[in-house]
Structure formats: structure tokens, C-alpha cells
Amino acid sequence: MDNAVRSCADCGKETEIILSVAYQQNTLLFHMENPCSEKELKPYGTGLRNVARAARKYSGTVRTHLENGIYTTDIVLYNL
């Protein structure tokens with residue numbers, strides 16, 4: 001979330017962060033979208049590495065994607 005907020009602040013225009021969380025059949029899904037430029041994109045920092053570690057603990061996945069200036073993060077945690 002910190003990176004998403006920082007990226008919105010750096011855009012210099014009105015932007016938004018889209019966050020959705022769903023829980024169904026013992027599976028938790030987090031989906032987040034925020035603006036991001038290629039130059040802002042860096043290798044995973046400590047925060048995302050910690051998220052990936054927590055996802056592995058719950059047999060989950062973390063996927064990130066940048067397309068058309070929108071950075072998307074999907075985290076799925078299974079068997080909760």
C-alpha cells in the first residue's frame with residue numbers, strides 16, 4: 001500500500017487506488033490496482049517479499065503486472 005500511495009502522489013494528477021478483498025470457500029483474494037510508470041517499477045522491496053513469504057505460508061500466490069500505466073497486484077491465500 002505504501003508504494004501505491006507514493007505512486008499516486010508522484011503522478012501529479014488525480015488518481016486512485018482500487019482495492020478489493022473477497023473471501024469464499026476458505027480462500028481469500030486481495031486485488032489492488034494503482035497507477036505506476038515503468039521508471040517507478042523496481043525489484044520487489046521488503047514489503048512485497050514479506051507478502052510473498054506470507055502467501056507461501058498459506059499455500060498462496062502473489063502475482064504482479066504492469067500494463068498501460070496500471071500496476072496490478074493479486075494475492076490469493078488458500079485453506080484459511
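Predicted model: local features only at pLDDT ≥ 70, side-chain atom pairs only at ≥ 80, totals over all residues.
**Overall composition**

Along the principal axes, the C-alpha atoms occupy a box of roughly 40 × 25 × 20 Å. The protein has 80 residues, of which 25% count as buried. Its accessible surface comes to about 5900 Å², and 52% of that surface belongs to carbon and sulfur atoms. Among contacts with a separation of 6 or more, 49% are made by residues 24 or more positions apart.

**The sheet**

The 4 strands form an open sheet in the order β1-β2-β4-β3, and their pairing is antiparallel. Strands β1 (18-24) and β3 (61-67) stand at the edges; each has a single partner strand, so one side of each lacks a neighbour in the sheet. From one strand to the next, the twist averages 10°. Strands β2 (residues 27-35) and β4 (residues 70-77) run antiparallel and are joined by 8 bridges. One of the pairs between these strands links Leu-28 to its bridge partner Leu-77 in β4. Helix α2 (residues 46-57) packs on the sheet, where it touches β3 and β4. The direction of α2 makes about 140° with that of β3.

**Helix α1**

Helix α1 covers residues 2-11, and its buried residues are Ala-4, Ser-7 and Cys-8. Seen down the axis of α1, these buried residues fall within an arc of 100°, so they line one face of the helix. They pack against β2. On the other side of α1, the residues Asp-2, Asn-3, Ala-9 and Asp-10 are exposed. The helix is followed by Gly-12, whose phi is positive, near 75°.

| Residue | Relative accessibility | Class |
|---|---|---|
| Cys-8 | 13% | buried |
| Cys-36 | 11% | buried |

A residue counts as buried when its relative accessible area is under 20%. Cys-8 is therefore classed as buried at 13%, and Cys-36 is classed as buried because its value is 11%. Cys-8 is also one of the buried residues of α1. The structure holds 0 disulfides.

Methods. Residues numbered from 1 in each chain as written. Heavy atoms only, no water. Disulfide = S-S within 2.5 Å. Buried < 20%, exposed > 50% of the residue type's maximum accessible area, 1.4 Å probe, protein only. Pairing = 2+ DSSP bridges. Helix = DSSP H or I, 4+ residues; strand = E, 2+ residues; numbered from the N terminus. Axes fitted to C-alpha atoms, helices over the stretch in contact; angles between N-to-C directions. Contact = heavy atoms within 4.5 Å. Arc of directions from axis to C-beta. Areas by Shrake-Rupley, 256 points an atom, 1.4 Å probe, with all protein chains shown as cover.
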